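Please keep the sequence and the model in view while reading.

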Amino acid sequence: MKIIYSHEDLLALEDPFEYEVGLPIRIRELPTSVIEEELPDSREQLERLLKEGYTLVIQKPRIPNPPVFARLSVIVENTVMKLYVYEANHCEDALWDVLSENEYNQHWSYFLLKKIEGVRFELPYTNEAQIALKLSNLKINELVHLRFETNQSVTCQWD
């Protein structure tokens with residue numbers, strides 16, 4: 001199954017598009033299109049995207065900090081959360097396990113970005129009203145959110 005939302009479709013939604021497609025983050029710029037689809041295997045899709053040069057971005061609480069995160073770069077942090085980047089051509093088993101275990105943890109989110117340069121990240125809990133990671137300045141980019149357990153993806157594209 002594949003559902004494609006055009007920019008006009010997204011404008012017509014009553015709720016923010018992120019709620020409609022189940023994204024755990026908020027995005028300031030409306031994408032040109034959003035594609036929801038079922039995948040044969042989320043792990044294979046993750047591996048393929050990493051090989052294509054996508055960057056895995058992971059938001060998690062500062063503690064606890066599984067050992068796999070000691071090797072990852074932190075790109076932004078506050079007193080509650082950290083945002084890590086994983087740039088490799090494959091996903092280590094330890095990282096896959098931690099992400100899979102925390103897929104439904106409301107304080108964790110992860111997604112892949114085609115280009116990370118210039119993207120602005122606002123971590124949750126930076127101010128009292130903000131409870132989700134916010135992204136802006138996506139310009140020409142692609143964001144992919146994978147749902148591991150259900151083998152689904154949401155791809156947001158900006159032209």
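A salt bridge is taken here as a side-chain nitrogen of Lys or Arg within 4 Å of a carboxyl oxygen of Asp or Glu. The model is a predicted one, in which local features need pLDDT of at least 70 and side-chain atom pairs count only at pLDDT 80 or more, whereas totals for chains, interfaces and linings use all residues. Residues are numbered from 1 along each chain as its sequence is written, and side-chain values use heavy atoms, with hydrogens and water left out.

**Salt bridges**

- Across the whole structure, the search finds 6 salt bridges, one of them between the side chains of Arg71 and Glu92, with an N to O distance of 2.5 Å.
- Because Arg71 lies in the loop between E4 and E5 and Glu92 in the loop between E6 and H4, this pair ties together parts that are 21 residues apart in sequence; helices (H or I, at least four residues) and strands (E, at least two) are DSSP runs numbered from the N terminus.
- Arg71 is exposed, with a relative accessible area of 56%, while Glu92 counts as partly exposed at 26%, where buried means under 20% relative accessible area, exposed over 50% and partly exposed in between (1.4 Å probe, protein chains only).
- Glu122 and Arg28 also meet through their side chains in a salt bridge, at 3.1 Å from N to O.
- Since Glu122 belongs to strand E8 (residues 120–122) and Arg28 to the loop between strand E2 (26–27) and strand E3 (33–38), the pair ties together parts that are 94 residues apart in sequence, and Glu122 counts as buried at 18% relative accessibility.
- Within helix H3 (residues 42–51), Arg43 and Glu47 lie 4 residues apart, about one turn of the helix, and their side chains form a salt bridge of 3.3 Å, N to O.
- Glu47 counts as buried at 15% relative accessibility, and a network of salt bridges links Arg43, Glu47 and Asp93.

- The side chain of Glu103 reaches the backbone nitrogen of Phe148 at 2.7 Å.
- Apart from its neighbours within four places in sequence, Glu103 is in contact (heavy atoms within 4.5 Å) with Tyr110, Leu146, Arg147, Phe148 and Glu149.

**Aromatic pairs**

- Rings of Phe, Tyr and Trp (its six-membered ring) pair if their centres lie within 6.5 Å, with planes under 30 degrees apart counted as stacked, over 60 as edge-to-face and the rest as tilted; by this rule the count comes to 4 aromatic pairs.
- Phe69 and Tyr84 form a tilted pair, 4.9 Å from centre to centre with 55° between the planes, and because Phe69 lies in the loop between strand E4 (55–61) and strand E5 (73–77) and Tyr84 in strand E6 (residues 81–86), the pair ties together parts that are 15 residues apart in sequence.
- Phe69 is buried at 1% relative accessibility, and Tyr84 is buried with a relative accessible area of 2%.
- Phe69 and Trp108 make an edge-to-face pair, 5.8 Å from centre to centre with 70° between the planes, and Phe69, Tyr84 and Trp108 form one aromatic cluster.

Definitions and conventions. Polar contact = N/O pair within 3.5 Å; in protein donor to acceptor, adjacent residues only side chain to side chain.
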